[in-house]
Amino acid sequence: MNALTRESMARLVAGNLPRNAFVNLGIGAPTLIADYLSDESGVILHSENGILNLGPKPAPGEEDFDLINPGKSPVTIKTGGAFFDSSMAFAMMRGGHIDVAVLGAFEVSASGDLANWNTGNSDGAPPAIGGAIDLAVGAKQIWVMMDHVTKHNAPRLVEQCALPLTAVGVVRRIFTNYCILSVTSEGLLVEAITNGVSRDALQSMTGTALQFSPHIGVIHDDGTVE
């Protein structure tokens with residue numbers, strides 16, 4: 001089956017973000033979204049380490065390691081960008097000033113519960129929940145960008161999360177390497193499927209019953225949808 005690359009997933013999410021939104025990108029794969037935002041989108045990226053109006057990653061050889069995102073990767077800053085301390089950054093998150101936070105996840109439940117900070121293993125995982133909880137309860141919308149299954153082919157979309165929760169019922173939309181879903185009162189609704197993936201195949205990789213929109217989009221390999 002055709003699975004989207006991380007870069008195509010990032011382009012997919014970037015193309016779905018609301019125009020002129022203030023957006024926070026979680027550590028890991030979501031940071032790639034910055035590379036696929038057009039100037040016309042008007043999206044302003046917020047970073048919890050104290051930057052507003054982040055740009056894409058710098059060209060090779062032009063990295064400034066004093067200018068990094070929370071994942072310690074070098075970034076750029078667009079015209080009109082600003083720097084501030086972490087208390088101000090978290091006040092923006094907690095005060096409801098972030099329109100969308102795009103986070104990674106280990107599991108998401110059918111009702112939108114989010115588990116994204118601890119796998120239950122003592123393998124160097126973070127010792128505490130960190131800033132994810134502030135985004136989870138403070139942002140106006142929580143979107144998740146993640147692989148549909150684990151490296152052992154276990155489903156990440158489940159009826160109920162088995163891993164420690166970050167927050168309950170907060171996830172609104174989910175972008176995986178096989179589909180786009182919305183969390184509804186009736187469960188997970190598939191809005192678009194990667195080209196070449198059948199409904200039955202998608203259901204077989206999912207640990208909860210899926211519903212399918214009457215008008216399902218097709219996601220192409222480059223992350224565009226029709």
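Residues are numbered from 1 along each chain as its sequence is written, and side-chain values use heavy atoms, without hydrogens and water. As the model is predicted, local features need pLDDT of at least 70 and side-chain atom pairs pLDDT 80 or more, while totals for chains, interfaces and linings use all residues.

**Exercise 1.** Find which strands pair with β1 through three bridges, β2 among them, and name a partner residue in each.

Solution. Strands are DSSP runs of E with at least two residues, numbered from the N terminus. Two strands pair if DSSP finds at least two bridges between them.
- Step 1: β1 (residues 22–25) pairs with β2 (residues 44–47) in the parallel sense. Valine 23 faces leucine 45 of β2.
- Step 2: β1 also runs parallel to β5 (residues 100–103), joined by three bridges. Here leucine 25 has valine 102 as its bridge partner.

**Exercise 2.** Describe the second largest pocket by volume and lining.

Solution. On a 1 Å grid over the protein atoms alone, a pocket is an open set of points with protein on both sides within 12 Å along at least five of seven lines, and a cavity is a set where a 1.4 Å probe fits but cannot get out; lining residues have an atom within 4 Å of a point. Points are joined across faces, edges and corners, and a volume is the space filled by probe spheres set on them.
- Step 1: The second largest pocket holds about 250 Å³. Its lining has 22 residues, and Thr31, Leu32, Ala34, Asn69 and Val75 are the closest to the centre.
- Step 2: β2 gives the largest share of this lining, three residues.
- Step 3: The classes are 10 nonpolar, nine polar and three charged. Nonpolar covers Ala, Val, Leu, Ile, Met, Phe, Trp, Tyr, Cys and Pro; charged covers Asp, Glu, Lys and Arg; the others, Gly among them, are polar.

**Exercise 3.** State what lines the largest cavity.

Solution. 
- Step 1: The whole structure has one cavity of 30 Å³ or more, and the largest cavity holds about 30 Å³.
- Step 2: Its lining consists of Ala34, Leu37, Val43, Leu45, Leu54, Gly55, Pro56 and Lys78. Six are nonpolar, one is polar and one is charged.

**Exercise 4.** Is lysine 72 buried or exposed?

Solution. 
- Step 1: Lysine 72 lies in the loop between β3 (51–54) and β4 (77–83), with a positive phi near 70° although it is not glycine.
- Step 2: Buried means under 20% relative accessible area, exposed over 50%, partly exposed in between (1.4 Å probe, protein chains only). Lysine 72 has 63%, so it is exposed.

Technical notes
Helices (H or I, at least four residues) and strands (E, at least two) are DSSP runs, numbered from the N terminus.
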